[in-house]
Amino acid sequence: MKIVSVINYKGGVGKTTVTANLAAELAYRGNKILILDMDAQASLTFSLMTPDYWDTMVKEKHTIKSWFDCISQSEKVMPLAELVLRPEKVNNYLSRTDGCIDLISSHLGLINVDLELATLLGGANLKQSKINYLKVHGKLKGELEKIAKSNDYDFVLIDCPPNFNIVTKNAIIASDQILIPAKPDYLSTLGIDYLQRSVKDLINEYNEYANMDDDCDIVNPEFLGVIFTMIQIRNQEPIRAQKQFISQTKRNKFDVPVFNEYFRENKTIFADAPQQGIPVVLNGYSNGTHSDIVAEISSFVDEFLERSEG
Ligand SMILES: Nc1ncnc2c1ncn2[C@@H]1O[C@H](COP(=O)(O)OP(=O)(O)OP(=O)(O)O)[C@@H](O)[C@H]1O
Ligand SMILES: [Mg+2]
């Protein structure tokens with residue numbers, strides 16, 4: 001079992017699209033997948049279930065917000081298993097396979113959770129500060145490991161919000177591996193370096209506290225790599241300007257490798273999928289371009305599995 005965070009604090013770079021398609025292709029190949037939507041925008045939640053269903057059946061008691069609320073109100077947290085939903089449409093599609101996609105849904109109110117959690121930090125002395133820090137940042141880790149084991153998941157994929165708040169930090173601490181979707185342009189390339197440093201700083205800070213606590217293991221999530229998204233294709237390859245940033249990222253020798261495969265840009269095909277409730281990689285091929293996109297995603301997943309399990 002692997003817990004993988006999909007993260008980049010730049011907005012709109014394709015995190016949710018990559019998470020949905022990675023989950024779908026892994027499930028199609030027979031894996032049991034749990035998706036945790038940690039973004040208050042709830043894009044991934046609404047890509048798998050309708051807002052009406054969420055509003056009536058999920059919103060009140062079955063989102064990750066309820067779970068974080070327990071922490072901020074210093075109540076005992078419910079087992080994550082109580083929050084797991086199985087989105088109908090995509091799982092009907094997957095019924096011919098051994099795989100499935102479960103979801104822990106997000107909540108639009110998750111945006112306020114961060115402020116409430118932040119009030120728990122600090123303390124009268126170092127010991128108390130340490131306990132509070134570990135409680136606020138490390139709780140998700142143990143609980144996700146429990147549910148992954150009891151429900152026999154092969155992968156837990158966490159779709160992170162475009163920020164580096166406490167909720168995102170919980171995801172990083174809980175992760176075995178980190179996947180970074182990015183666009184190949186100037187600011188995004190700078191952002192990858194910055195993100196990597198922030199993640200390392202967080203891990204060092206967390207481990208410093210965890211080292212002082214016998215009940216707490218140190219963490220060491222590994223960077224799986226950068227998956228470039230929204231690639232514009234001309235003559236079967238990325239346009240020159242993008243190619244330049246891809247090569248630069250490969251050359252830059254951050255500790256983060258770059259996936260050979262990429263997600264090409266296609267506004268029609270990618271924009272339609274969330275409303276259909278079925279990720280692009282599982283949708284019927286409507287034309288040659290769609291088939292090319294499916295082949296590219298499938299080859300990205302080959303690479304993902306090699307790196308993740310390698
Ligand atoms: N390969 C692609 N080609 C064209 N459009 C895409 C592609 N991938 C994603 N999009 C579109 O770009 C927008 C942002 O994508 P997505 O929601 O996956 O990004 P995100 O990084 O999760 O955003 P946020 O930071 O807001 O969570 C969406 O409208 C999506 O449909
Ligand atoms: Mg998103």
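This is a predicted model: local features need pLDDT of at least 70, side-chain atom pairs count only at pLDDT 80 or more; totals for chains, interfaces and linings use all residues.

Colleague: Where is T229 found, and what lies 2.6 Å from a polar atom of its side chain?

Modeller: T229 is in the loop between β6 and β7. Strands here are DSSP runs of E, at least two residues, and helices are runs of H or I, at least four, numbered from the N terminus. The atom 2.6 Å from the T229 side chain is the backbone oxygen of V13. A polar contact is a pair of N or O atoms within 3.5 Å; within protein, one must be able to donate a hydrogen and the other to accept it, and residues adjacent in sequence count only if both atoms are side-chain atoms.

Colleague: What makes M230 stand out in phi, and is M230 buried or exposed, or in between?

Modeller: M230 is not a glycine, yet has a positive phi of about 55 degrees. Most residues other than glycine have a negative phi. M230 sits in the loop between β6 (222–228) and β7 (233–234). Its relative accessibility is 26%, so M230 counts as partly exposed.

Colleague: Why is N235 called exposed?

Modeller: Because N235 has 73% relative accessibility, it counts as exposed. N235 also has a positive phi, about 45 degrees, without being a glycine, and is found in the loop between β7 and β8 (237–238).

Colleague: What makes you call helix α8 mostly covered?

Modeller: In α8 (residues 166–174), eight of the nine residues are buried. Among them are I166, V167, N170 and I173.

Colleague: And why is Y194 called partly exposed?

Modeller: Y194 has 49% relative accessibility, so it counts as partly exposed. Y194 is in helix α9 (residues 186–210), and its C-alpha atom is 10.0 Å from that of N8, 186 residues apart along the chain.

Colleague: On to ligand 1: which residues come nearest?

Modeller: G12, K15, T16, T17 and R264, out of 17 residues around ligand 1. Near means that one of a residue's heavy atoms lies within 4 Å. By class, that shell has five nonpolar, seven polar and five charged residues.

Colleague: How do you know that T16 makes a polar contact with ligand 1?

Modeller: An N or O atom in the T16 side chain is 2.8 Å from an oxygen atom of ligand 1. On the backbone side, an N or O atom of R264 lies 2.8 Å from a ligand 1 nitrogen, and one of N266 lies 3.0 Å from a nitrogen of ligand 1.

Colleague: Which elements give two or more residues to the shell around ligand 1?

Modeller: Those are α1 (15–28) and α11 (267–276).

Note on methods. Residues are numbered from 1 along each chain as its sequence is written. Chains are lettered from A and ligands numbered from 1 in the order in which they are written. Side-chain values use heavy atoms; hydrogens and water are left out. Ala, Val, Leu, Ile, Met, Phe, Trp, Tyr, Cys and Pro count as nonpolar, Asp, Glu, Lys and Arg as charged, and the others, Gly among them, as polar. Buried means under 20% relative accessible area, exposed over 50%, partly exposed in between (1.4 Å probe, protein chains only).
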